[in-house]
Each structure stands twice: as structure tokens, then as C-alpha cells.
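Good morning, and thank you for coming.

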Amino acid sequence: MLILRTAVLALLWVGDCGAALAGDFDDQMKAFYQDSILPWARSQQILDAVAAQNLQTADLTQDDIDRLDKQWVGEIGTVSAPLIDSVTRSPVSDMLRAQVMAMKGAVTEIIVMDARGLNVATSSVPSDYWQGDEAKYQETYGVGPDAMNFGEVEFDDSFLKYQGQISFTLVDPETGTPIGAMTVAVDAEEFL
């Protein structure tokens, strides 16, 4: 196991940035998505939660979103965290944490986003509430129903491991219309 871990670290460490080159693991990430994520990622429970939040956030202005994002960041690590708790203590977040546990370390984090890029449910507490300014949202929901984005494999200080992000559009199964997006962070050792 030590030899495999050393090989993974040697393969992933590129220059000073500590990231694999874009596209290095796309085939492996797509296979992992199809085999390990897709069977549960489009559950009715997730889709219903996204649709419900879309109704609540449809009329938010960018100023409203920025205010909520600042509130989220300010609540991290505090005793009273009503916005964070409204996301992380939901039944869908419980389901996401159960998926992380079932994956036995292969998945480190899951974020479900609404049509505005706001967190609907999370398996842990991400650093911000609004994902709408990031590739995980812009290159999925903003592109269309079949869009996927494979992030670079990078070292994540919060999990102390190399991981890649698999992001994809969530769609209404009846209309095929994009309703949100999901990002699943995967331990890079799964790709080798």
C-alpha cells in the first residue's frame, strides 16, 4: 500500500502547483461516475430538493446571493449557524453523508446546487454557499443537460489527500430541463 501511495503522489505532483494536468484522469473519472455515482445521484429525493429550492431562490438578486454567501462564510465555525444548518441538517444532506460512508473513502465530499448555484445539500460544510462563480457549476448547469466537468486532480488541505471533482448537470426527468448541478469529490487513488 505504501508503494501504491508513493506512486500516486509521484504521478500527481506536477511542478509547484501540485495538480495533475487537465484531462489526465477524465476517462477514469467518467468510469467512476458511471459505475459509482450515477446509480444514486439522480434520486427523486435529490431532484425534489433542488426543485423546491429553485422555487425559493428564483427571484434572488446577485446582491441577495452575495449577502447569503457572506453569511455562510461568517457562520463557519460558529455555534449559531442557521444558514449552514438549513443545508447540512436536511434529509438530503443526511443521504449524501450516507453515500460518502458507503463509498468507504473513495468519495470525500458531495455538493448539490440549485439553478442559481446555491448549496441545496452537502455532505460536509463547503467554504462557501454560492458555487455559481465556479467551473463546477458554470461548466455543467450553464452548458446543458448532459454536461460534465472533470476538475484537475489537486491536493486538498482539508482532506489531506489528492482528489478530483466530478461535476454534472441535474435534470428534471420529465422535461429533460437542467434544474441544478452536483459535484462529487473523489480520492485520486480511485483513478489508478
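Let me start with a pair of side chains: those of Q131 and K136 make a polar contact of 3.4 Å. By polar contact I mean a pair of N or O atoms within 3.5 Å; within protein, one must be able to donate a hydrogen and the other to accept it, and residues adjacent in sequence count only if both atoms are side-chain atoms. Before going further, the basis of what I say: this is a predicted model, in which local features need pLDDT of at least 70 and side-chain atom pairs count only at pLDDT 80 or more, while totals for chains, interfaces and linings use all residues. Residues are numbered from 1 along each chain as its sequence is written, and side-chain values use heavy atoms, with hydrogens and water left out.

Staying with Q131, its side chain also reaches the backbone oxygen of D128, at 2.9 Å. Q131 lies in the loop between β2 and α7; helices (H or I, at least four residues) and strands (E, at least two) are DSSP runs, numbered from the N terminus. Is Q131 buried or exposed? It counts as buried, because its relative accessibility is 1%; buried means under 20% relative accessible area, exposed over 50%, and partly exposed in between, with a 1.4 Å probe and protein chains only. Leaving aside neighbours within four places in sequence, Q131 is in contact with I111, M113, G117, N119, P126, K136 and Y137, where contact means heavy atoms within 4.5 Å.

I111, one of those partners, lies in strand β1 and is buried, with a relative accessible area of 3%. Not counting residues up to four places away in sequence, I111 touches residues including N119, A121, Q131, K136 and M182. Between I111 and P126 there are 8.0 Å from C-alpha to C-alpha, at 15 residues apart in sequence.

S123 is 12 residues from I111 in sequence and 6.7 Å from it in space, C-alpha to C-alpha. The side chain of S123 reaches the backbone nitrogen of I110 at 2.8 Å. S123 has a relative accessible area of 10% and is therefore buried. Its contacts, leaving aside neighbours within four places in sequence, are L96, R97, V100, T108, E109 and I110.

A further side-chain pair is Q53 and D114, joined by a polar contact of 3.0 Å. Q53 is found in helix α3 (residues 44–57) and is buried, with a relative accessible area of 10%. Beyond four places in sequence, Q53 is in contact with D114, L118, N119, V120 and Y129.

Next, helix α2. Where does α2 bend? The bend is at Q34, by about 40°; this is the angle between axes fitted to the seven residues ending there and the seven starting there. Helix α2 (residues 26–41) spans only 19 Å between its end C-alpha atoms, whereas a straight helix of 16 residues would span 22 Å at 1.5 Å a residue, the expected span being 1.5 Å times one less than the number of residues. M29, F32, Y33, I37, W40 and A41 are the buried residues of α2. They pack against α3, α6 (91–102), β1 (107–113), β3 (148–150), β5 (161–171) and β6 (178–187).

That brings us to the nonpolar core, a set of buried Ala, Val, Leu, Ile, Met, Phe, Trp, Tyr and Cys residues joined through side-chain atoms within 4.5 Å. Which members of the largest core, with its 32 residues, touch the most other members? They are W40, I46 and M182. Helix α2 gives the most to this core, with six residues. Apart from it lies another core, of 10 residues, among them A81, L83, I84 and V87.

Most residues other than glycine have a negative phi. K104 is not a glycine, yet has a positive phi of about 50°. K104 counts as exposed because its relative accessibility is 77%.

Finally, the whole chain. There are seven helices and six strands, and 47% of the 192 residues count as buried. Among contacts with a separation of 6 or more, 61% come from residues 24 or more positions apart.
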